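I opened this structure to see what can be looked up in it. My entries follow in the order in which I made them.

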Amino acid sequence: MNVELDPIHFRQVLGQYPTGVAIVTAVSRSGEPIGMTVGSFSSVSLDPPLVAFMPDKNSTSWRALQDSGDRFCVNLLGADQENICRSVAVRKENKFADIAWRKSPQGSPLIVDSVAYIDCTIEAVHDVGDHNIVIGRVQDLAVENASYPLLFFRGGYGSFRPLSLAARDIDLLDQLRLIDFARPHMDELAHHFDSEVTVTTLLNDELVLAAAAGRARHQIVPRQVGQRERFRAPLGTVYAAWGEPALRERWIENSGQSATPEQIEEYRQIPDRVRDRGVAVSLVRKSPAPDGVSPARGAEAWYNPESLDGLEGFELRSVSAPVFDARGRVAFALTLWGTRGGPAARATVEEYIYRLLEACEAATKAVGEMTNRDIR
Ligand SMILES: Cc1cc2nc3c(=O)[nH]c(=O)nc-3n(C[C@H](O)[C@H](O)[C@H](O)COP(=O)(O)O)c2cc1C
């Protein structure tokens, strides 16, 4: 290699290659959460399960991670977590003061709303030029929030946008035809609240965000058309509430290891509660715990509370309700998104519910008329 290679040129050329962004976290020996932003995270081997990242040998964050012991957790950041990326990438004390986190299964900080986490133990540290290559053995991993990842490219941040529908989206075409009949009602609803209305369909155990109207003024949850999530409690409640018992069971089963026994007990109550109410309601805590201590898992989001009283401290995240086809099955679910800011007062939530149900009823009628015409 050319020994006089210009570092700026080197960075400029390699900056043409985009990377994801991850925060590697651990707990220091004195019990503090510590972390480092890396773009060099990569999967390495399936058998045995190994991953890697490459810290600068001079990084104080890396030194702190090394001193903390042999456990670390890789948090893959989502597109709306640029602020977390930036605040961890600076040299400062107490980087986690304003970041909501809870403990990963191994006890490292797991940043709330990350796309996924990978709990590791250090398998090997290789000495390579001015960096180390840290090989981690995967001990536990899960997708937390199947939103799009944060990407780093040419010194700036962005997000992934699919250029085309995937082959499997062909299944969606029939659904999209039906959804078109709900469009005017979605537009009107989105306009009324100056917010966003999205459509979710259930295809082969996947919830697909199939269409959107209006605009998300403040994205509480990042969402893009085409986004898919596994059908699992507490997501896609509308399908569990109005579906066959077997579908309800799958909804709970699919929540799998990420749910505690108490959560599973709660999930069993939810479909009937949602069906009685006519809508699924989700709320989100207004801000992370004030002292920066991680709230307990699930404490940030609150799904389908028994009563709509006593919602102070929360804001409305979304209300969802079904649109039925001519045979009375759920054709798709409409979700009206809340806007960030105000408290989730009962009257506000009821106004959202009332308007959403009105739109769903009109959409059900339109979809019914159209499918009846098709059947004839
Ligand atoms: C998007 C992004 C990716 C980064 N990737 C790496 C990396 O892979 N390895 C590394 O050593 N530093 C990386 N950094 C720099 C560190 O996060 C951090 O800024 C640096 O470690 C701060 O110095 P300190 O560790 O001495 O506090 C990255 C920073 C950003 C913003």
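Entry 1, surface and totals. I looked up the accessible surface of the protein and found about 19,600 Å², with 52% of it belonging to carbon and sulfur atoms. Accessible areas come from the Shrake-Rupley method with a 1.4 Å probe, and for residues only the protein chains shown count as cover. I note that this is a predicted model, in which local features need pLDDT of at least 70 and side-chain atom pairs count only at pLDDT 80 or more, while totals for chains, interfaces and linings use all residues. Residues are numbered from 1 along each chain as its sequence is written, and side-chain values use heavy atoms, with hydrogens and water left out.

I then looked up burial: 46% of the 376 residues count as buried. Buried means under 20% relative accessible area, exposed over 50%, and partly exposed in between (1.4 Å probe, protein chains only).

I found eight helices and 19 strands. Helices (H or I, at least four residues) and strands (E, at least two) are DSSP runs, numbered from the N terminus. Of the contacts between residues at least 6 apart in sequence, 64% join residues at least 24 apart; a contact means heavy atoms within 4.5 Å.

I looked for patches, which are made of residues with over 30% relative accessible area and no salt bridge, like charges being joined within 9 Å and nonpolar side chains (Val, Leu, Ile, Met, Phe, Trp, Tyr) within 5 Å. D187, E188, E358 and E361 form a negative one. The elements that give two or more residues to this patch are α4 (172–193) and α8 (346–375). The place of a charge is NZ of Lys, CZ of Arg, CG of Asp or CD of Glu. I checked E361 in helix α8: E361 counts as exposed because its relative accessibility is 60%.

I also found a nonpolar surface patch of L5, F10, V13 and L14, with about 340 Å² of accessible area together. L14 belongs to helix α1 (residues 7–14).

How many salt bridges does a search of the whole structure find? I got 15, a salt bridge being a side-chain nitrogen of Lys or Arg within 4 Å of a carboxyl oxygen of Asp or Glu. One of them joins E144 and R102 at 2.4 Å, N to O. This pair links distant parts of the chain, 42 residues apart: E144 is in the loop between β10 (131–143) and β11 (150–153), and R102 is in strand β7 (residues 101–103). Are E144 and R102 buried or exposed? I found both buried.

Next I looked up D309 and R346, whose closest N and O atoms are 3.1 Å apart in a salt bridge. This pair too links distant parts of the chain, with D309 in the loop between β17 (301–303) and β18 (314–324) and R346 in helix α8, 37 residues apart. R346 also forms a salt bridge with E350 (2.8 Å, N to O). E350 and R346 both lie in helix α8, four residues apart, about one turn of the helix. I noted D309, R346 and E350 as linked in a network of salt bridges. D309 is partly exposed because its relative accessibility is 47%. R346 is partly exposed at 35%, and E350 is partly exposed at 35%.

Leaving out residues up to four places away in sequence, R346 touches L308 and D309. R346 and L316 are 30 residues apart in sequence and 9.9 Å apart in space, C-alpha to C-alpha. I looked up Q175 in helix α4 and found it buried at 16% relative accessible area.

Most residues other than glycine have a negative phi, and most peptide bonds are trans. I found a cis peptide bond joining D47 and P48, with omega about 5°. P48 is in the loop between β4 (42–45) and β5 (50–53). Another cis peptide bond joins A233 and P234, with omega about 5°.

D205 is not a glycine but has a positive phi of about 65°. N304, also a residue other than glycine, has a positive phi near 45°. I noted N304 as buried because its relative accessibility is 1%.

Key: Lys and Arg count as positive and Asp and Glu as negative; His and the chain ends are not counted.
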